[in-house]
Every structure is written in C-alpha cells, then in structure tokens.
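Please look over the sequence and the model before reading on. The briefing below takes up a sheet and the helices beside it.

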Amino acid sequence: MNPEHDDETAAKAFIALADSLSDGIIVLDTASRIQYANPAVEDILGYSSEELVGESKLSIIPERLREAHLSGLNRYLETGERNIDWRYVELPGQHEDGHEVPLGISLNDFFFEGNRYFVGLFRDISERKEVERALRERERQLEELVEKLEESNERLEQFAYAASHDLQEPLRMVTSYLSLVERRYGDELDEDGEEFLEFAVDGAERMREMIDALLEYSRVDTQGDPLEPTDLNEVLADVRTDLTVKIEETDARIESEELPRVRGDDNQLRQLFQNLLDNALTYTGEEPPRVEITAERDGEEWILSVSDNGVGIDPEDTDRVFQVFQSLHTREEGGGTGIGLALCKRIAERHGGDIRVDSEPGGGTTFSVSLPAASDDG
C-alpha cells in the first residue's frame, strides 16, 4: 500500500465530509494559520474560505476576545478539555449593526504527513443561549411568584389570626348578651321571639366555628410539624377513638386493611382522616354507615381510599367540595363550615400529594388521597 496515497484519500474524504456539514470547521497549523475552512464557516462567521486560508486565526477574532480564545486553546493543550463556549464573535460585513453571535466550539488535533494540525468545529448556539436566557428568566419569575405566594400566605395567616382573636371578642359579647336576653326575658317571649333568639344563637355559634376553621386552614403550611415516618394504623386508631360516640350513635361499621407508613405530619393526617370519616358518618342514607379504608402503592406514593355508602355527591359538585366555605348541605342537613374538605386538600398538598373524589348521588363516595411513602418503607 502507498502511505502517500492513503493520506491523500483520507484528506479528500475529510474534506468531502466537512463540506457537507452545517457546523463550521477550520483546520489550523501549529502557527495558528488557517489551512482549511468549510462552506459553513461563511454562513456562521461571514468569511469565505478564500478569505480565510493562509490567514492567522487571530485575525478573524475581535481583539477583545483574543485572550479568551488563546486561554481556551491553552486549556485544551494542557488538559485535553475539548468543549468551550466562546463568548461572542462579531459577524463582519453582513451585520452592520454590530450584531454578535455566540459559538460553541469543540477542539481536536491530528497529525498529517508528520505535521500537527488543530481542528475547530463550531456552531451557532444563539438558540441555545436564548433558551438558557428564557429559562433563567422563567426561574426568576418563579422565584418572584414563590415569594409572592409566601407573602400571600403570611397575610392570610395574619388575617386569620386577627379573625380568631379580634373578631371572636365581639362575637363572645354578642353570644353573652343573647344568653342574658334568654335568661331575663325568656318567659316573656312568644313563640316567634323564642325562634328568633334561637336563630341568633345558632348564627353566632356557626360564625365561631367558621372563624376557628379558617384559622386552622390558614396555618396548615406555617404551623405544621416536620414530615416524618408515620404509621397510618395508629393515626386511624386515634381518630376512631375520637369518633367513638358518633360511631355508636349511627351504628357505623368502619373496616380497614393494614395501612402503610407514610412521610407525614401526624397531627395533620389525623385531622384529614377525622374530617373524611366524620363526613362519611354524617351524610348517610337509610342504611347505617359502612366505611372501608384501603391502601395501594403507586411508585413513591401510597393512595389511601376512604369509601362509604352514603348519599353521594353530584359529579358537577366534585370540584366545588374542596373549595373554602362550599358546603353542599344546609345546617339542617348536617352541613358544616364548608372548610373540612378544603382543609383535607391543603393538608394533602402540603405532603406533596393530592385528593380526589369519585361519587354519584345515592351511590356512596370514595375519597382518594395520595401521600409520600416513608423512605424506610421499601
């Protein structure tokens, strides 16, 4: 075989390949003189191959960027680091407004006929830089949004605190005077008067419950305990103890399979289960309440389902039930403050999960809550 023929064949193959690429390619000798430039160079830098060959590479680099270029080349020679981002290269001639374009450069070297040459492959990375800029702007906007949400939560908590303390005082006064009216003038009131007084007392009590519930809702994020491995069997046992009287009064049967350990706030999860079970025992049909609690693993989460045989929920209302003050039942029907399920949703979200409902009128209801599995629970 003829080595010279082989070198010539390899050189022709290299040039044919380089000429077909959309990336710019420049070949330099050890004196940094340009020996070859493919057609893509003109599209990117604005110099034709004829203008470049024989010239020093430094002649096409703006003076203010030459030091960075030499630094990158020296870094390649010393460490073998091939890839660098060349800050900006001016495009002469075709951009009279001084437009600049960022380039991504990959360096390499080879020996041909006993001589060492360097190959610089580069491409216009304007689009990549624009994406990076857009991502940085997006991150900045998200940081601002998070900050605003934190401020909003803080204001909400401050409002709820004021509602709890500042509003409860006049509410207690109203309740006290109503009680005083009942004691002093109860015998003098006719049937309508007694009914009016009963409505007033009931309204004051309902307002107190709503204020307390709003305070609890506002403090889910700021007053919660750290999320730690929590045994849901123990949580459920505590809830059943708290609901003992209601369970006996309604002749309810609550069945549960073995529940997992999750990463959670013990107190908040107790509140979540208590709200769901209390609803199941309240909104019942003609039959005694029957509640079934199950758990299913889904990747890094557990899906806890609480199913009942109650009156059910119209599908059109399944989103509304998780909104604050959106009770679907009147006071006479056992409706509460309208915060219980909203509180459940906020607790689930604080744990990185969610809650959804599947139901239809007369067909019972299933609430499904996703919670993160405990890290030590394989």
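Two strands count as paired if DSSP finds at least two bridges between them, and helices (H or I, at least four residues) and strands (E, at least two) are DSSP runs numbered from the N terminus. This is a predicted model, in which local features need pLDDT of at least 70 and side-chain atom pairs count only at pLDDT 80 or more, while totals for chains, interfaces and linings use all residues. Residues are numbered from 1 along each chain as its sequence is written, and side-chain values use heavy atoms, with hydrogens and water left out.

**The sheet**
- Strands β9 (residues 290-298) and β10 (residues 301-308) run antiparallel and are joined by eight bridges, and R297 has W302 in β10 as its bridge partner.
- These strands belong to an open sheet of five strands with mixed pairing, in the order β7-β9-β10-β12-β11.
- Because β7 (253-256) and β11 (354-359) stand at the edges, each with a single partner strand, one side of each is left without a neighbour in the sheet.

**Helix α7**
- In α7 (residues 232-242), L232, V235, L236 and V239 are buried (under 20% relative accessible area, with exposed meaning over 50% and partly exposed in between, for a 1.4 Å probe and protein chains only).
- These residues cover an arc of only 95° around the axis (taken from the directions from the helix axis to the C-beta atoms), which puts them on the same side of α7.
- On the other side of α7, E234 and T241 are exposed.
- At the N-terminal end, D231 caps α7, with a side-chain oxygen 2.9 Å from the backbone nitrogen of N233.

How values were computed
Polar contact = N/O pair within 3.5 Å; in protein donor to acceptor, adjacent residues only side chain to side chain.
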